[in-house]
Amino acid sequence: MISNFKAVSLSYKTAPLEVRELLSLNEDLCKKLMLSLKEFTDASEILILSTCNRTEIYYSSNSDFSKEIIKLAFLQKGITDGEKFYEYFQIIEDHSEAVRHLFNVSIGLESQVVGDMQITNQVKHAYQWAADMGVVGPFLHRLMHTIFFTNKKVVQVTPFRDGAASVSYATVELAEELAAELAEPKVLIVGLGEMGADVCRNFSGTGLKNITITNRTYSKAEELAKECGVKVIPFENLWEAAKDADVIISSVFRDEPLFTKEEVAKLEILSYKYFIDISVPRSVESKVEEIPGVLVYNIDHIKNRANEALDKRVNAIPMVREIITESIFDFNDWAKEMVVSPTINKLKNALEQIRQEEMSRYLKQLNDEESKKVEMITKSLMQKIIKLPVLQLKAACKRGEAETLMDVLNDLFNLEQQPEELRVKEKN
């Protein structure tokens, strides 16, 4: 069994935000780091995952390169003394623990918000980047596809991904519900602190596309608008944009409400206008809801939605862990069979060589039709002969006894002298 899979992890569990920010890697930096690892280590398969909450490097090697990996990772960001951050990393040298950790991260068990819906796509992107760089082999290919299949099963049979379990996700979910009956709903996000910015990012991938953002610091709004592909307006144009918006999400930090009854009444509301206030203290005056056609949802509404969803997800964790354990069990069976695969190929080639040598002795005495029949018969015989040893080898893998049977087959057929691939001789 392949038992050299390892992981180096920097996450919100082990490091403060300022350290995680230092090692935040985009696609280009991840790919450059993969090239560096190929050049300076003997890592055979590599996967690099970098999000706002974690940067993790998974690799296969018989040696522990954790310190070298950390140093090389920080060098991608121009930091030459990266080894001083070693204490913030979790080093996973045990193969089984590294495999389970990647499962848990990919499914969302290790996320700050349990069941995070973005993490699976982030893992898929990381896998695609690794495949593009040619650092994914049979082991990692199989592992990643097993993880993606497991994620689908978790979604189908558990409530682990039901509802929005964070304030920012719950805000987006509520906005989608409120705008569901509108033909071309317009959403305005006011204030881009941590919460407002998260809400903006979480609109990505939703059905709501007409998103406008504004902030007192225009440069911050402009930068986020480029990142998320949304519109941006100067803060001075707030009330003009509010007049056109169907859903207004307010995340403004100030002592007095920004949206007062007096100011909102000037918007000449002809149909419905929805305010979602996620500010503390509130930035939408409670009296605003006295205006006909206006509905206000505050942070308590949002938190109640998020807490209900979070409770469901937390209660589903035992089911999720059970599904992951079953998937790992099946994956490990496959990984064990990888060990006997070279022996199986050599045995097939040894028998094929015998078949070809015997065929070459008699084919010249046969016509084309006879040759085809003999070819078909001998191939069928070889397939039947090889079937039982292959089944016995795979069964021995599960019992942990494959090595003994491999030795017997090696001795019987002198497989050590047999190449894994056999070039089929061309018929003259």
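In which helix is serine 371 found? Serine 371 belongs to helix α13, which covers residues 368-399. Keep in mind as you explore that this is a predicted model. The points below begin with that serine, move on to a proline in a loop, and then visit helix pairs and aromatic rings.

- Setting aside residues up to four places away in sequence, serine 371 touches Met359, Leu363 and Leu366.

**Proline 159 in a loop**
- Proline 159 sits in the loop that runs between α6 (138-157) and α7 (167-178).
- With a relative accessible area of 27%, proline 159 is partly exposed.
- Although proline 159 and alanine 309 are 150 residues apart along the chain, their C-alpha atoms are separated by 8.9 Å.
- Beyond its neighbours within four places in sequence, proline 159 is in contact with Lys312, Arg313 and Ala316.

**Helix α5 and its partner α2**
- Helix α2 (residues 27-40) and helix α5 (residues 119-132) have axes that come within 10 Å and cross at roughly 45 degrees.
- The two helices, α2 and α5, are therefore oblique to each other.
- Where they cross, α2 passes α5 in a right-handed manner.
- On the α2 side, Glu27, Cys30, Lys31 and Met34 take part in the contact, and they meet Trp129, Ala130 and Asp132 of α5.
- Sorted by class, the residues of this contact between α2 and α5 are four nonpolar, no polar and three charged.

**Helix α5 and its partner α4**
- Helix α5 also packs with helix α4 (residues 95-107), at an angle of about 125 degrees and with the axes 7 Å apart.
- This pair, α4 and α5, is therefore oblique as well.
- Val105, Ser106 and Ile107 are the α4 residues that meet Ile119, Thr120 and Val123 of α5.
- The contact of α4 with α5 is made up of four nonpolar, two polar and no charged residues.

**Helices α8 and α9**
- Helix α8 (residues 194-202) packs with helix α9 (residues 218-228) at an angle of about 25 degrees, and their axes are 10 Å apart.
- Angles under 35 degrees count as roughly parallel, so α8 is roughly parallel to α9.
- The crossing between α8 and α9 is right-handed.
- Ala197, Cys200 and Arg201 are the α8 residues in this contact, facing Leu224, Glu227 and Cys228 of α9.
- By class, the residues where α8 meets α9 are four nonpolar, no polar and two charged.

**Aromatic rings**
- How many aromatic pairs are there? The count comes to eleven, with rings taken as paired if their centres lie within 6.5 Å.
- One of these pairs joins phenylalanine 85 and tyrosine 88, with 6.5 Å from centre to centre and 35 degrees between the planes, a tilted arrangement.
- Phenylalanine 85 counts as buried at 11% relative accessibility, whereas tyrosine 88 counts as partly exposed at 24%.
- Elsewhere, ring pairs link Phe5, Tyr58, Phe139, Phe331 and Trp334 into a cluster.

Key
Residues numbered from 1 in each chain as written. Predicted model: local features only at pLDDT ≥ 70, side-chain atom pairs only at ≥ 80, totals over all residues. Heavy atoms only, no water. Axes fitted to C-alpha atoms, helices over the stretch in contact; angles between N-to-C directions. Helix = DSSP H or I, 4+ residues; strand = E, 2+ residues; numbered from the N terminus. Parallel < 35°, antiparallel > 145°, perpendicular 65-115°, else oblique. Left-handed = near helix turned anticlockwise from the far one by under 90°. Contact = heavy atoms within 4.5 Å. Nonpolar A, V, L, I, M, F, W, Y, C, P; charged D, E, K, R; others polar. Phe/Tyr/Trp six-rings, centres within 6.5 Å; stacked < 30°, edge-to-face > 60°. Buried < 20%, exposed > 50% of the residue type's maximum accessible area, 1.4 Å probe, protein only.
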